[in-house]
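Here is a friendly briefing to read alongside the structure. Please keep the viewer open as you go.

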Amino acid sequence: MTEAGKSLALNAGVIALLIVLHFVLPAYHHGNLARIMVLAIYAMGFNFAFGYGGMLSLGHALFFAAGMYGMGLTMQHLDWPAGAAIVAGLLAAFVVSTAVGFLALRTAGVQLMIVTLMFAQAGFLTVLYFGEWTRGDEGFVIQQSERVLAGVDLSNESTRYLAGLLLFGACFVFMSRLVQSSFGKVLVAIRENEERTRMLGYDVARYKLVAFIISGTVSGLAGAAYGLLFGYVGASFASVQYSILPLLWVLLGGAGTVLGPFIGTLFMFYLIDISSGFTSAYLAIAGAVLVLLTLFARQGIVGEARQRWLPWLP
Amino acid sequence: MDFGPYLVLASLEGAVQASVLALTAVGLSLVFGVMRVVNVAHGEFFMLGAVLAWVVATSIGVHPALGFVLALVIAPVLVGAIAIIADVLVLKRLNYDPENTIVATIGLLYIIQQVTLMTYGPDARPVEAPFNQRLALPWPEWGEGGLTLGWPWGFGTTSYKLFVIAAAIVLLIVLWQLMSRTKLGLVMRATQLDREMALAFGIHVDRVYAFAFGIGAALAALAATLIVPIQQAHYLMGADPLLLSFIVVIIGGLGSLPGTVAAAVLIGMSDGMISMFFSPTLAKILSTLLVAFVLVFRPQGLFGTRRA
Amino acid sequence: MAAVNLLQARGLTRRFGGLLAVSHVDFAIPAGQIRALIGPNGAGKSTLVGLISGRISATAGTVEFQGRDITHLPAHRRIAGGMAYTFQITSVYPRLPLDENVALAVRRVSGSNSDVIDRETEAALASVGLAGRRYETAGDLSYGHQRLLEIAMGLAQKPKLLILDEPTQGLADSEVVEFKTLIRSMAGNTTILLIEHNMDVVMDTADLVTVLNFGEILAEGTPDEISGNRNVQSAYLGTADA
């Protein structure tokens with residue numbers, strides 16, 4: 001089988017497995033997996049900029065929240081139907097990531113990390129500042145009666161899982177294709193050696209900006225979907241913690257791999273889920289994992305697997 | 001209260017803010033300047049300083065003032081030691097790679113914060129100030145009999161707040177002397193200028209790094225100990241000083257001590273002022289945006305000069 | 001005469017602080033020529049080439065390429081317009097396979113048809129003798145082979161002007177011989193600007209030699225004229241450069 005064939009089979013296999021799990025998983029894990037799939041979309045969006053483009057942002061919560069609030073506020077205050085609200089969320093994330101990318105990508109490395117962190121912090125504070133509309137930290141609930149898309153009730157656990165799966169599958173295939181396109185290859189080239197790529201005649205700044213916007217918009221899609229499927233919009237999704245989480249998921253699963261974000265989100269979700277049974281200080285686990293990963297496994301789970309056994313992994 | 005006294009009061013509060021901020025930010029700036037490490041866990045060292053100050057002040061059954069003085073010494077030393085351990089165990093092994101150290105210090109942030117939650121608990125607790133006289137302040141007023149000095153109600157400060165300002169100034173001067181006059185300062189500045197050259201001259205760069213990281217953390221802890229009689233110690237209190245220190249260090253020019261102090265005064269004062277007249281949230285939005293734009297358009301900081 | 005010049009620089013100047021690295025250089029390369037640029041270390045050769053390729057912006061002066069003023073174009077647009085550049089310090093993608101290194105160069109020029117990319121990648125690798133190693137990781141190659149890979153990346157772009165910054169540095173003697181053959185085989189089709197320390201290579205390949213010293217053009221002529229030029233000899237001897 002060719003490499004492209006293998007990765008196609010992998011895509012199909014993962015999606016098939018998730019369909020099977022829909023029928024066999026007990027309710028608790030079924031509900032968890034629905035969340036994990038939507039969060040994994042966020043991780044994939046983050047991974048496109050960080051893992052493939054080498055742009056480490058500490059402010060992606062801004063895009064996640066832009067999608068979530070773009071969806072939630074239009075539903076809450078303008079009574080938009082779910083479909084239109086999702087589009088509003090996507091547009092909000094697109095606009096915000098374009099503006100941030102345009103400014104922030106004048107910097108790189110550590111400066112880029114701090115600039116994105118600051119923009120995201122300003123965004124988080126803005127959500128609090130306009131508490132009259134956003135309800136600040138407390139957030140607001142999207143009524144069950146409004147969570148209907150094309151006649152399908154998204155608050156129902158079964159349809160919610162399937163909707164999450166549909167979106168996850170679409171993003172997964174989209175990302176797999178994108179990283180194997182010539183755009184994706186040039187992006188990897190920029191990550192590996194920016195100056196060489198410029199001196200091969202590529203407009204490096206434009207490639208990075210486009211990749212950043214794709215990354216931010218996919219993150220925003222995840223935010224909008226998360227708010228709609230689980231019925232809650234709140235400021236904590238705009239906080240620094242939600243900028244750190246995708247970094248954690250992607251580092252754990254493997255940066256610059258297609259499957260890594262999902263694997264990382266899955267493992268981290270359960271790690272925190274299990275440890276929060278013992279202690280309220282479950283974030284200490286997240287901290288320890290971050291330190292251990294940077295010290296001992298920079299490649300993450302899928303990255304290590306690719307290096308050791310499966311060089312064809314996309 | 002009239003506008004005039006109100007403004008004076010706001011700037012006094014701002015000056016207390018600025019003093020503590022200057023100490024904290026100078027610690028962050030020192031670490032960045034010498035080691036080129038962006039320490040995201042800096043706010044947690046601040047928090048740890050406040051919590052340990054509470055522990056020391058309450059567990060030693062002596063007079064509160066003596067307990068506070070002990071805390072002022074013990075808390076920074078302990079925090080510095082913890083930082084040195086973190087440096088040796090984690091940062092050194094990462095070869096101080098800029099991006100990796102940021103990720104690792106984010107991890108440290110969560111570990112320190114959550115371990116504090118597990119041990120110290122979720123409550124906010126105060127430390128008693130060694131002295132805390134209320135000082136009413138006079139204000140000139142135009143009355144029927146011409147200019148007189150009035151004592152507007154609520155217009156005043158406390159002796160402890162004035163002490164914080166004075167202590168911060170003294171500590172910054174001591175640090176400045178340490179950096180410019182002593183061998184230790186020389187070694188640190190040499191390492192900051194050119195790591196390879198310092199190595200070639202037989203400077204133990206590893207030790208200098210560990211020491212700088214320790215001093216940086218100790219400064220944050222010292223600032224926290226000073227402020228803990230005014231603010232209470234709480235496991236989540238590190239976020240604000242971290243953010244503000246970042247703002248200050250970046251606006252002041254990364255790694256420049258005088259720039260950092262100047263920026264701390266600017267940010268501390270204006271933060272206090274804007275918070276008093278508008279909203280604290282708006283003040284923070286404006287200052288975070290300012291940082292982002294400074295980094296994008298003037299990366300050497302507002303006060304720094306461009307390096308080759 | 002101006003019409004046949006592929007590249008034309010006028011009054012090109014670059015100042016770094018107080019240092020005048022390149023000073024009022026007038027410089028032209030006719031299409032199809034192989035031009036060597038020589039001079040002692042620090043003469044400003046790399047700066048001059050940087051000004052031409054757009055990696056360094058000019059303090060003063062203009063650059064024309066194919067009759068078009070490109071002085072204000074960024075580097076990547078100059079490359080896309082028909083220049084190719086190899087770095088003095090080898091710059092490849094060490095973690096990518098050889099064929100992806102070259103394919104990145106091919107794709108920008110020849111589009112996305114995978115058969116075409118494959119064929120041209122193969123051809124470019126074959127021209128430097130690396131065809132058999134296309135699936136190896138570039139970082140595993142010896143330094144000399146990495147240089148050859150970078151030259152292949154330059155060739156793969158089918159440039160009108162190929163700029164080679166000290167291409168034979170670090171090559172074994174046998175590889176230098178092959179390199180000379182490769183350059184000669186391109187004579188007439190591709191215009192080449194060659195910065196070179198190895199006088200043997202210059203003598204055997206260049207049509208015309210330009211000598212740079214202290215940021216200014218000291219002499220220009222055929223290899224034979226240059227090797228007999230006293231000023232050139234003293235410039236080299238004066239700096240004790242090999």
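How many residues does the contact take from chain B, and how many from chain A? It takes 34 residues from chain B and 33 residues from chain A, where two residues are in contact if their C-beta atoms, placed from the backbone, lie within 7 Å. This is a predicted model, in which local features need pLDDT of at least 70 and side-chain atom pairs count only at pLDDT 80 or more, while totals for chains, interfaces and linings use all residues. Residues are numbered from 1 along each chain as its sequence is written, with chains lettered from A and ligands numbered from 1 in the order in which they are written.

**Chain B against chain A**
- On the side of chain B that touches chain A, α4 (98–119), α9 (239–252) and α11 (280–297) of chain B each supply at least two residues; helices here are DSSP runs of H or I with at least four residues, strands are runs of E with at least two, and both are numbered from the N terminus.
- The largest share of that side, 16 residues, comes from α4(B).
- By class, the side of chain B that touches chain A has 26 nonpolar, 5 polar and 3 charged residues (Ala, Val, Leu, Ile, Met, Phe, Trp, Tyr, Cys and Pro count as nonpolar, Asp, Glu, Lys and Arg as charged, and the others, Gly among them, as polar).

**Chain A against chain C**
- Here 15 residues of chain A are in contact with 15 residues of chain C.
- On the side of chain A that touches chain C, α8 and α9 (194–198) of chain A give two or more residues, and α8(A) gives the most, with 5 residues.
- That side of chain A has 6 nonpolar, 3 polar and 6 charged residues.

**A helix pair in chain A**
- The axes of α8 (residues 182–192) and α10 (residues 204–230) of chain A come within 10 Å and cross at roughly 110°; axes are lines fitted to C-alpha atoms over the stretch in contact, and angles run from 0 to 180 degrees between N-to-C directions.
- A:V186, A:L187 and A:I190 of α8(A) meet A:V204, A:Y207, A:K208 and A:A211 of α10(A).
- These residues divide into 6 nonpolar, no polar and 1 charged.

**Chain C as a whole**
- Chain C has 9 helices and 10 strands.
- Along its principal axes, the C-alpha trace of chain C spans about 50 × 40 × 35 Å.
- Of the 242 residues of chain C, 44% count as buried (20 or more other C-beta atoms within 10 Å of a residue's own, with C-beta atoms placed from the backbone).

Note on methods
Buried ≥ 20, exposed ≤ 12 C-beta atoms within 10 Å, placed from the backbone.
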